[in-house]
Amino acid sequence: MKLILAIVNNDDSNIVVSALTNRGFEVTRLSTTGGFLNVGNTTLLIGTENDRIDDAKEILKVFSSTRKTVKSTNESFGRGLRNDSVGEEVTVGGATYFILDVEESGRV
Ligand code: 2BA
């Protein structure tokens, strides 16, 4: 069994979760914040069998659109980060994922 951690844009989260659950995946969604843009995103926990990993990745790819945005906050000031990234255009969206081995899972 594997655990997929997938970080998606908040704007895409509903459709991604719907697509996953419609195809039988079990999903937990966490409200998270990106460290660079300091804006909310959604982290999905998806526990699944090894042979369904490719299906999950395909759904993430299809339903997570890519877009551009401008970094407009400087909330990181005071924590040692520089100002030169403010105003920078960055590509956001798509899904960033990590796939972890699960030693054991269950319900008690
Ligand atoms: P953020 O950290 O807010 O990053 C948003 C987007 O800003 C990133 O999109 C990337 O295009 C850009 N970016 C991030 N750090 C940068 C940097 N140091 N210099 C220049 N541009 C930078 P994505 O790569 O699609 O990442 C979307 C979100 O996924 C991230 O939001 C973060 O919450 C998460 N993420 C991405 N890679 C991660 C990693 N290796 N570990 C943990 N979380 C990650």
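This is a predicted model: local features need pLDDT of at least 70, side-chain atom pairs count only at pLDDT 80 or more; totals for chains, interfaces and linings use all residues.
Local features are taken where pLDDT is at least 70 and side-chain atom pairs where pLDDT is 80 or more, while totals for chains, interfaces and linings use all residues. Residues are numbered from 1 along each chain as its sequence is written, and side-chain values use heavy atoms, without hydrogens and water.

The largest pocket holds about 440 Å³ of space. A pocket is found on a 1 Å grid over the protein atoms alone, as an open set of points where a 1.4 Å probe fits, with protein on both sides within 12 Å along at least five of seven lines; a lining residue has an atom within 4 Å of a point. The volume is the space filled by probe spheres set on the points, which are joined across faces, edges and corners. The lining has 24 residues, and Asn-9, Leu-37, Asn-41, Val-92 and Gly-93 lie nearest the centre. Strands E1 (2–9), E3, E4 (66–70), E5 (89–93) and E6 (95–101) each give at least two residues to this lining. E4 supplies the largest share, four residues. Helices (H or I, at least four residues) and strands (E, at least two) are DSSP runs, numbered from the N terminus. Sorted by class, the lining has eight nonpolar, 13 polar and three charged residues. Here Ala, Val, Leu, Ile, Met, Phe, Trp, Tyr, Cys and Pro count as nonpolar, Asp, Glu, Lys and Arg as charged, and the others, including Gly, as polar.

The second largest pocket has about 180 Å³ of space. Among its lining residues are Met-1, Glu-26, Thr-48 and Arg-107. One nonpolar, four polar and three charged residues make up this lining.

The model also holds a ligand, with 13 residues around it; Gly-35, Phe-36, Leu-37, Asn-41 and Thr-91 come nearest. A polar backbone atom of Gly-35 is 3.2 Å from an oxygen atom of the ligand. For Phe-36, a backbone N or O atom lies 2.9 Å from a ligand oxygen atom, and for Leu-37 the distance from a backbone N or O atom to a ligand oxygen atom is 2.9 Å.

Asn-41 counts as buried because its relative accessibility is 17%, where buried means under 20%, exposed over 50% and partly exposed in between (1.4 Å probe, protein chains only). The side chains of Asn-41 and Thr-32 are joined by a polar contact of 2.6 Å. Such a contact is a pair of N or O atoms within 3.5 Å; within protein, one must be able to donate a hydrogen and the other to accept it, and residues adjacent in sequence count only if both atoms are side-chain atoms.

Ser-13 belongs to helix H1 (residues 10–22). Ser-13 is buried, with 3% relative accessible area, and its side chain makes a polar contact of 2.9 Å with the side chain of Arg-29.

Ile-53 lies in helix H2 (residues 53–63) and is buried at 10% relative accessible area. Ile-53 and Met-1 are 52 residues apart in sequence, yet their C-alpha atoms are 9.5 Å apart in space. Leaving aside neighbours within four places in sequence, Ile-53 is in contact (heavy atoms within 4.5 Å) with Lys-2, Ile-4, Thr-48 and Ile-99.

Methods:
A residue is near a molecule or strand if one of its heavy atoms lies within 4 Å of it.
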